[in-house]
Amino acid sequence: MECFHMRQELPPSVRNQLEAVQSWPLCLTRTIPLPHDAKDSPNVETPSATSCSGSSFLEEENGPSEKNREELQKHNANFKMLYDMQQQLIATLQEQLRVQEIDLDSMKQVNAWQEKELASLKSQLQRPFDGEKRHLPEPDESEAKSLEKLKSELANMSAEWTLHREQADAHAMEAMATSVQAGWKAACALPHESTVSLRTSVVPADKTEFSFVEWLFTRSLVKHRHARDPSLWCPTARVKVLEVQKIENRTFLKRYAQRREELLEERAGQSCEPLQDIETLIGKSLQNQRSIEEVCHCPDSGVNFNEVLLFHGSPSAKINGILTSGFDPRYAGLGTGAMFGQGSYFAHNASKCFRYAGDDDVERKNGGLRQTVLVVRALLGNPHYQKLMCPERRMPPANSDSVVALTKAEGGCVDHREYVLYDKASVLPLYLIEFEHLPDCRCQMCSPQD
């Protein structure tokens, strides 16, 4: 169909503006304009545009001095103009996506009709005879030509339907990739502290960030051992994300930014070694994954500190404490044990957090198990790779900033990697995910325990 061959292109002037905006370097203190959904929320403060150069970001809470006021006003005007350009570009892209969705719906209807007609024609040609086999007269020349023509039409319709389905899948994948990439950039961008409320703010995430967090969550689910028989492995969890809430707190943000600056000074501006690739053994199947593909990294500003997005599971009561005061390694292991010392534990596989998120407060509504996990930004720095248990540890070994517990396939003692941080300033809570296990889920939480 012609609708699948149409491709709308941005005007050259708009495309050049978009490339200029996307080429901005990541700055930890740049004010990031909030999306429309978050901007309209009464609980979210509208960020103000500020400059990313100089030392103006370290000014005290009483605001900029009179000497710099005029310069800041000029920067604010420039950033407001750029922000307006961004909004126009976003509106254009959203309109293109809406047109693609309309085309996709129309093609799905055409495909459904073609599939129905194809099935009907095949049924007529291949309909079995009941009772004794009947001898039909040989078709004459005109009937033979008609039959050949019908077969040719069926082949063409089948080929066309396959092509349209592949094109529809490609359009859907392209749209999802665009949305996920935009959400990834929004999730990893650190706002300026002046735009963040002093107390913890928890508000619904906008559509772009929801799509990214949902994708990050579902792609990380893996198989785990059965609770009753560790020799058996449960199927991968089947869950549905119900809600994603964004977490902001000025104290958490300032603490994290300060720890990052300290690490920059300690390493004299040198990057850390990238995380080692991952090996896991599930049953008898050995899997090798590249760390850069398996663990979601945050974009850096030229210096790699192994800043990654990880998951954390805790009962609802403890999550409330984390939202109020942040992560506190002093309370690590209470009720669950601490194989690698007194630190805060995280995983790049969300399903590893399920057993820690479930307790007596877990709710079952309409037969589905509901749980909550956190998404955090973790500053791993230079990690120490730990093979054996070390419950007495209170800080990372010398010349390291965190501990990565290796898997059994890597010579360690866990099935899936764990990440341990002993400094609460190295963790920044970002999102709260509420999800529900589907009725046919047979993961380690839903499998019969008897």
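1. Cysteines. A disulfide is a pair of cysteine sulfur atoms within 2.5 Å. In this predicted model, the sulfur of Cys 390 has its closest cysteine sulfur in Cys 413, at 8.3 Å, which is too far for a bond. The disulfide count by this rule is 0. Cys 390 is buried, at 3% relative accessibility. Cys 353 is also buried, with a relative accessible area of 5%.

2. Largest nonpolar core. This core holds 41 residues, and those touching the most other members are Phe 212, Phe 217, Leu 309, Phe 311, Val 373, Tyr 431 and Ile 433. Two or more residues each come from α4 (141-188), α5, β2 (239-248), α6 (250-266), β6, α9 (354-357), β9 (368-379) and β13. Strand β13 gives the largest share, 5 residues. A separate core has 22 residues, among them Leu 275, Leu 323, Phe 346 and Leu 421. As general background, nonpolar side chains tend to be buried together in soluble globular proteins.

3. Aromatic pairs around Phe 217. The structure holds 6 aromatic pairs. One of them joins Phe 217 and Phe 435 in a tilted arrangement, with 4.9 Å centre to centre and 45° between the planes. Phe 217 belongs to helix α5 (residues 207-219) and Phe 435 to strand β13 (residues 427-437), so the pair ties together parts that lie 218 residues apart in sequence. Phe 217 is buried, with a relative accessible area of 0%, and Phe 435 is buried at 0% relative accessibility.

4. Surroundings of Phe 217. Which residues does Phe 217 touch, not counting residues up to four places away in sequence? They are Val 239, Val 241, Phe 311, Ala 350, Phe 354, Val 373, Ile 433 and Phe 435. Ring pairs also link Phe 217 with Phe 311, Phe 354 and Phe 435 into a cluster. Phe 217 and Phe 311 are both among the core residues that touch the most other members.

5. A second aromatic pair. Both Phe 327 and Phe 346 are buried.

6. Charge over a ring. Arg 355 lies over the face of Tyr 356, at 4.8 Å from the ring centre.

7. Positive phi values. Most residues other than glycine have a negative phi. Asn 306 has a positive phi, near 55°, and Asn 399 has a positive phi of about 65°. Asn 306 is in the loop between β5 (296-297) and β6 (307-313), while Asn 399 is in the loop between β10 (383-386) and β11 (402-405).

8. Exposure of the two asparagines. Is each of them buried or exposed? Asn 306 is buried, with a relative accessible area of 0%. Asn 399 is exposed, at 73% relative accessibility.

Technical notes:
Residues are numbered from 1 along each chain as its sequence is written. This is a predicted model: local features need pLDDT of at least 70, side-chain atom pairs count only at pLDDT 80 or more; totals for chains, interfaces and linings use all residues. Side-chain values use heavy atoms; hydrogens and water are left out. Helices (H or I, at least four residues) and strands (E, at least two) are DSSP runs, numbered from the N terminus. Buried means under 20% relative accessible area, exposed over 50%, partly exposed in between (1.4 Å probe, protein chains only). Rings of Phe, Tyr and Trp (its six-membered ring) pair if their centres lie within 6.5 Å; planes under 30 degrees apart count as stacked, over 60 as edge-to-face and the rest as tilted. A charge sits over a ring if NZ of Lys or CZ of Arg is within 6 Å of the ring centre and within 35 degrees of the ring normal. A nonpolar core is a set of buried Ala, Val, Leu, Ile, Met, Phe, Trp, Tyr and Cys residues joined through side-chain atoms within 4.5 Å. Contact means heavy atoms within 4.5 Å.
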